[in-house]
Amino acid sequence: MALLTPEDLDNLSAQFEESESTIERVTGTRLTDICKELYGKDLGSEKVGIIPITAGNGIISNFTSSLLFIAQRLGLEGFITQHTDVAGYYEAIRDGADILLMADDHLFIAHNLRNGKLVTNHEATGIIYSEIASRFKDSGSSEILVIGLGRVGYAGAKHLAEKGFDVYACDPNRDFLDKAAHEIGIKEYCKEDRKKFSMVFEATPNANTITEGMIAERCLVSTPGIPCGLPQEVGGKYRVDLVMEPLFIGVTSMLYSVI
Ligand SMILES: NCCC[C@@H](N)C(=O)NCCCC[C@H](N)C(=O)O
């Protein structure tokens, strides 16, 4: 899994504003309303404790400040602990956090101390980005393409299959494809079939994974992936809308998921 860099989180507010207006235009619904429908509840006055974690590659300079910005932008009270790691965990609980947010290099979690709910960023991200793709107003199809069946892609493909979509997927890893076909009934995407999709959920850490043969004339690509899976030339040639943002959308889904 590719780690975020401080540059990815530069002007997070502008990145979020742009993707939020795209979401509203292409789905007809605001991101927070989609989350309310998905998880069945609205955010209240939960207090979010954000704990910097030094494990592995260590602190990403603007990661916790970005989480604080997101919590506050959603109308929640938030604070970043003075201490890191276990001391920070202790401080967050002592200072009355209802929800904890913390991430090392392998797992990024939200934990609601009041109701015990726990979610990972990869599950919540897979669910929200696949949900956005599936709500494309100009589609009219039940077929959706998932590119990448790693932790994020699989969570999204599972969510779409459970919603009754006709899910096609591709991944270079044969085992991932077989697992998803067996467990959630996805169909393998074969370019020889020349099937074109108006809804694409891309969840890979690679660039340019989306080829011209995959997409319909009018298409929505929804992806948390960094770098972008949609090549410039393909996006320019077709009427493609792109929802892509590094952190805000996924964290919004996490917070709604644990309330
Ligand atoms: N959709 C977001 C996925 C984030 C994930 N790819 C990542 O970079 N995780 C590493 C976060 C490390 C945070 C660091 N330990 C800190 O606390 O500053």
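User: In this predicted model, is Glu245 buried or exposed?

Analyst: Glu245 lies in the loop between strand S11 (239–243) and helix H9 (248–258). Its relative accessibility is 2%. The cut-off for buried is under 20%. Glu245 therefore counts as buried.

User: How many Å apart in space are Glu245 and Glu18, C-alpha to C-alpha?

Analyst: In sequence, Glu245 and Glu18 are 227 residues apart. In space, the C-alpha to C-alpha distance is 8.9 Å.

User: How many aromatic pairs does the structure hold, and what is the geometry of the Phe63 and Phe108 pair?

Analyst: The structure holds five aromatic pairs. The ring centres of Phe63 and Phe108 are 5.3 Å apart, and their planes stand at 70 degrees. Planes over 60 degrees apart count as edge-to-face. So the Phe63 and Phe108 pair is edge-to-face.

User: Which elements hold Phe63 and Phe108, and how many residues apart are they?

Analyst: Phe63 is in helix H3 (residues 63–73). Phe108 is in strand S4 (residues 108–112). The pair links distant parts of the chain, and the separation is 45 residues.

User: Are Phe63 and Phe108 buried or exposed?

Analyst: Phe63 has a relative accessible area of 12%. Phe108 has a relative accessibility of 10%. Under 20% means buried. So Phe63 is buried, and Phe108 is buried.

User: Which residue has its charged end over the ring of Tyr154, and how many Å from the centre?

Analyst: A charge counts as over a ring if NZ of Lys or CZ of Arg is within 6 Å of the ring centre and within 35 degrees of the ring normal. Here the charged end sits over the ring of Tyr154. The residue is Lys179, and the distance from the ring centre is 3.8 Å.

User: Which of the residues around the ligand come nearest?

Analyst: There are 15 residues around the ligand. The nearest are Ala2, Leu4, Ile53, Ile60 and Ala103.

User: What is the class make-up of the shell around the ligand?

Analyst: The shell residues fall into nonpolar, polar and charged classes. The counts are twelve nonpolar, two polar and one charged.

User: What percentage of the ligand's exposed area does the protein bury?

Analyst: Taken alone, the ligand exposes 500 Å². The share of that area buried by the protein is 93%.

User: What are the phi values of Asn11 and Asn208?

Analyst: Asn11 is in the segment before helix H1 (12–27), and is exposed at 52% relative accessibility. Asn208 is in the loop between strand S9 (197–202) and S10. Each has a positive phi in a residue other than glycine. Phi is near 35 degrees for Asn11 and near 55 degrees for Asn208.

User: Which backbone oxygen lies 2.7 Å from a polar side-chain atom of Ser134?

Analyst: Ser134 is in helix H5 (residues 121–134). At 10% relative accessibility, Ser134 counts as buried. The backbone oxygen at 2.7 Å is that of Glu131.

User: Which backbone oxygen lies 2.7 Å from a polar side-chain atom of Ser130?

Analyst: Ser130 lies in helix H5. At 0% relative accessibility, Ser130 counts as buried. The backbone oxygen belongs to Gly126.

User: Is Phe201 buried or exposed?

Analyst: Phe201 is in strand S9. Phe201 and Phe136 are 65 residues apart in sequence and 11 Å apart in space, C-alpha to C-alpha. The relative accessibility of Phe201 is 0%, so Phe201 counts as buried.

Technical notes: Residues are numbered from 1 along each chain as its sequence is written. This is a predicted model: local features need pLDDT of at least 70, side-chain atom pairs count only at pLDDT 80 or more; totals for chains, interfaces and linings use all residues. Side-chain values use heavy atoms; hydrogens and water are left out. Rings of Phe, Tyr and Trp (its six-membered ring) pair if their centres lie within 6.5 Å; planes under 30 degrees apart count as stacked, over 60 as edge-to-face and the rest as tilted. Helices (H or I, at least four residues) and strands (E, at least two) are DSSP runs, numbered from the N terminus. Buried means under 20% relative accessible area, exposed over 50%, partly exposed in between (1.4 Å probe, protein chains only). A residue is near a molecule or strand if one of its heavy atoms lies within 4 Å of it. Accessible areas come from the Shrake-Rupley method with a 1.4 Å probe; for residues, only the protein chains shown count as cover. Ala, Val, Leu, Ile, Met, Phe, Trp, Tyr, Cys and Pro count as nonpolar, Asp, Glu, Lys and Arg as charged, and the others, Gly among them, as polar. A polar contact is a pair of N or O atoms within 3.5 Å; within protein, one must be able to donate a hydrogen and the other to accept it, and residues adjacent in sequence count only if both atoms are side-chain atoms.
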